[in-house]
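Q: I'm new to this one. Can you walk me through it?
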Amino acid sequence: MRKINTLIIEEKVYEAALKAGINLTPACKSALIDARNAESGATKFALDALIENSEVAVRENMPVCQDTGVAVVMLEIGQGVFLEGKPLKKAIDDGVRRAYADGYFRKSVCDPVTRNNTGDNTPAFIHTEITEGENINITFMPKGFGSENMSRLYMLKPAQGVDGIIDAIAETVRLAGSRPCPPVYVGVGIGGTFDGCAFLAKKALTRNVGESNPRAEIAEIEKKALERINSLNIGCQGFHGKITALGVSCEYAPTHIAGLPVAVNIQCHCVRCVKVTI
C-alpha cells in the first residue's frame, strides 16, 4: 500500500495545465509540419501560420489558442494507492483554478442554463479508472468547443459493421467542414455503451497523433477512415487540400449483441495533452 497526499495530485495537475495550455504535443507539431510540406498555395500558407503561432506561444509563454478549453482530467489510479488529504475532486479543481489564473488562460466554463461563468474554469471533467499497481497516471487535456461541438454519437445496427463505422467517422468530419479548425485529429470510440463509447472517443484523443491501435483490425479502420477523410478536400482551415485530418485514433470495448455504438470526438489542429505519473 502506498500513501499519496492529494496535494501532490493538485500540484501535478497545476503544472500539467500550465504546460498544456501553451504547448502543442510534439506529435501534433510534427504532423502539422508534414502536412505543410504536402500542401501548396493558400493551404500551405495557413499551415505556416499555425506552425508559427505554436512557436510564438512557446517563445512568449502564452496560450497557443484563445480557447483554453474545459479541463479534461483522466486518472488511472493503482488499486494499491491510498489517498489522503483533501478530497480528490477538490484537489484537481484547485490545481485547475490556480493554473488558469496564473497562466492568464481564458475561463470558459459556465452554467448550462443561466450561462453564468464559474469564473475559474472549474469544475474539471474528471474520468477515473482503477488499475493495477501503486502509481497514479494523470492525463490533462484542454478541450476547446469549436471542435467539441462538431462531435457525434451513432447507435449503428450491428449489420452495418466496419463499413458503417468508417462511414460514421467520415460523415462526422464532412458535416463539420471548416468549423472545427482543420486539419483535425479524430478520436473514435467503438462499442461499449451510449456513455462509455463517448469516453472511449475522448480517451483516443490522448494518444499521440499517428500512433496506430495495436489491434490490427482497429488499426485498419483508422487507416481507411483517415484516407476517406483526406479525400474530402476540406483542407487546412477549409482552404481545400490533401490533409483534412492529421490522424484518426480508435479505442474499442465489447458491446451488446444488439448494438454497435460509435462516438466520434473531433479535436482541432491544436492538440494539447500532458501526461504525468506519480
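Q: Which residues of strand 7 are buried, and what does that say about the strand?
A: Nine of the nine, residues 184–192, so strand 7 is largely enclosed by the rest of the structure. Buried means under 20% relative accessible area, with exposed over 50% and partly exposed in between (1.4 Å probe, protein chains only). Strands are DSSP runs of E, at least two residues, numbered from the N terminus.

Q: What kind of model is this?
A: A predicted model: local features need pLDDT of at least 70, and side-chain atom pairs count only at pLDDT 80 or more, while totals for chains, interfaces and linings use all residues. Residues are numbered from 1 along each chain as its sequence is written, and side-chain values use heavy atoms, leaving out hydrogens and water.

Q: How does strand 7 run against strand 8?
A: Parallel, with nine bridges to strand 8 (residues 245–255). Two strands pair if DSSP finds at least two bridges between them. Val 184 faces Ala 245 of strand 8.

Q: And strand 9?
A: Strand 9 (residues 260–267) is antiparallel to strand 7, with six bridges. There, Gly 187 has Asn 265 as its bridge partner.

Q: New topic. Which charges sit over rings?
A: Arg 98 lies over the face of Tyr 14, 4.1 Å from the ring centre. The charged end of Arg 215 is over the ring of Tyr 252, 4.8 Å from its centre. The test: NZ of Lys or CZ of Arg within 6 Å of the ring centre and within 35 degrees of the ring normal.

Q: Are Tyr 100 and Phe 105 buried or exposed?
A: Both are buried.

Note on methods. Helices (H or I, at least four residues) and strands (E, at least two) are DSSP runs, numbered from the N terminus.
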